[in-house]
Amino acid sequence: MSRFLADLTPLRVSSDFRRLWAGNALSAVGSQLTLVAVSLEVYQLTQSSLHVGLLGLFAVVPLIVAGLYGGAVADHFDRRKVALASSALLWGTTAVIAIQAWAGVENVWVLYALIAVHSGAGGINQPTRGAIIPALVGVKLLPAANALNMVTFGVAMMVGPLLGGVLVATVGYAWTYTIDVVTYVAALWAIYKLPPLPVEGAPAGTGGRRRVGLSSVWEGFAFLATRGNVRMTFEIDLVAMVTAAPRALLPAIGAVMIGGGEATVGILLAASALGAFLTGLFSGPLTTIHRHGLAVYAAVVAWGVFIAGFGVVVFLARGHMPADGSASGWIWPAAAFMALAGVADSVSGVFRNTILQSATPDRLRGRLQGVFIVVVAGGPRVGEMVSGGAAAVLTEPVTLVLGGILCVVLATVLLRLRPSFVSYDARNPTP
């Protein structure tokens, strides 16, 4: 049984990674509490779903801009210092969110501004932390380390939203935000304890001063343009997210097809997060796989198949919703397909990130991690717009089925155009 469980070797051999992993686990749950609480507070202040939706705009735009530029910053300076400074800004912004709640400010624009700053700090922090991992565990242990990070992601996505709603209802916004402030101290401490992490081949600068401009950002894209295997990790993920993103369709599915409303949406999202958690927990076999490109392709195909299967279940559920609006029995096969889709997406994420970290020179890892953050953040948003528009014409079940099929077809076309991706071997990482 032990060979199927997550490989804990990165935690055993690197005390720095162990502290960072534990700190991130605590802070990830706390961050989810804040995201849920801010959404609820904005709705309480405005009674408008549009205003809640605007939170996504104020979060995604700074994340994309800061992700690209922040990756370049991480490639020019000691990554420990960059991670520590951006983490301190994240912590400070969360503290101000808590303070405004304790003070009873009740201004939606203050919340928008704070979320924008928080997201911008995350855009610098996330690519920097991604670029740090290879220096802590080595290239050989990257799949195991990324799988362990998937465990924390799954737990945060399952526990955070549920606990956030409960805490807001029982102790209020101020205490909920304060819990995030306290838990994030663990992440700050873990980064503070890291050794200096200078970048191999970082530019020396003029007169001892390093400057990060648009040319530094562009250098990362120039590298990506000539490295097909690394570029493929982004292209195939965009195909999966743009063609078969189900999230925007879940409210309608819960309201008029499966039934159960918001509770059904919560169950389906939790099922997807459960898939991510189980992937990390039983990731032992993943560490024995060397054909990472083929594994990514298989996972993306599985994602498309499971999303199409979810669409079939939704189609069969139509007309079986109880008269009182509660969820029908079809919720369980639907949740099963969402969990399987979560597994497929997580397997793809583990190997895509491993390829990116191992096949990219250290001097460019921050910039490529920044592009990774932009794709991960932006792809699903584009996919939600596409699926939402398609559903208005085709209905939700048909959109899911056709989107899943299109995902499989386009992923296969990409593989035909980039045959070297199939033969990519982790023992000889070729960008």
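Phe58 counts as partly exposed because its relative accessibility is 27% (buried means under 20% relative accessible area, exposed over 50% and partly exposed in between, with a 1.4 Å probe and protein chains only). The model is predicted, so local features need pLDDT of at least 70 and side-chain atom pairs count only at pLDDT 80 or more, whereas totals for chains, interfaces and linings use all residues. Residues are numbered from 1 along each chain as its sequence is written, and side-chain values use heavy atoms, with hydrogens and water left out.

A search of the whole structure gives six aromatic pairs (rings of Phe, Tyr and Trp, the last by its six-membered ring, pair if their centres lie within 6.5 Å; planes under 30 degrees apart count as stacked, over 60 as edge-to-face and the rest as tilted). The rings of Phe58 and Tyr112 are stacked, because their centres are 4.6 Å apart and their planes are at 5 degrees. Phe58 belongs to helix 3 (residues 49–74) and Tyr112 to helix 5 (residues 108–137), so the pair ties together parts that are 54 residues apart in sequence (helices are DSSP runs of H or I with at least four residues, numbered from the N terminus). Tyr112 counts as buried, at 0% relative accessibility. Phe58, Trp109 and Tyr112 are linked into a cluster by ring pairs.

Tyr173 and Tyr177 form a stacked pair, with 6.5 Å centre to centre and 25 degrees between the planes. Both lie in helix 7 (residues 173–192), four residues apart, about one turn of the helix. Tyr173 counts as buried at 16% relative accessibility, and Tyr177 is buried at 0%.

In helix 10 (residues 250–257), the residues Leu250, Ile253, Gly254 and Met257 are buried. Seen down the helix axis, these residues fall within an arc of 120 degrees, so they line one face of helix 10 (the arc is that of the directions from the helix axis to the C-beta atoms). Their cover includes helix 11 (261–281), helix 12 (292–317), helix 13 (331–359) and helix 15 (396–417). Just after helix 10, Gly259 has a positive phi of about 90 degrees.

The largest nonpolar core has 59 residues, of which Phe234, Ile236, Ile253, Trp303, Phe310 and Leu368 touch the most other members (such a core is a set of buried Ala, Val, Leu, Ile, Met, Phe, Trp, Tyr and Cys residues joined through side-chain atoms within 4.5 Å). A second, separate core of 18 residues includes Val38, Ile97, Tyr112 and Tyr177.

Note on methods. Helices (H or I, at least four residues) and strands (E, at least two) are DSSP runs, numbered from the N terminus. Contact means heavy atoms within 4.5 Å.
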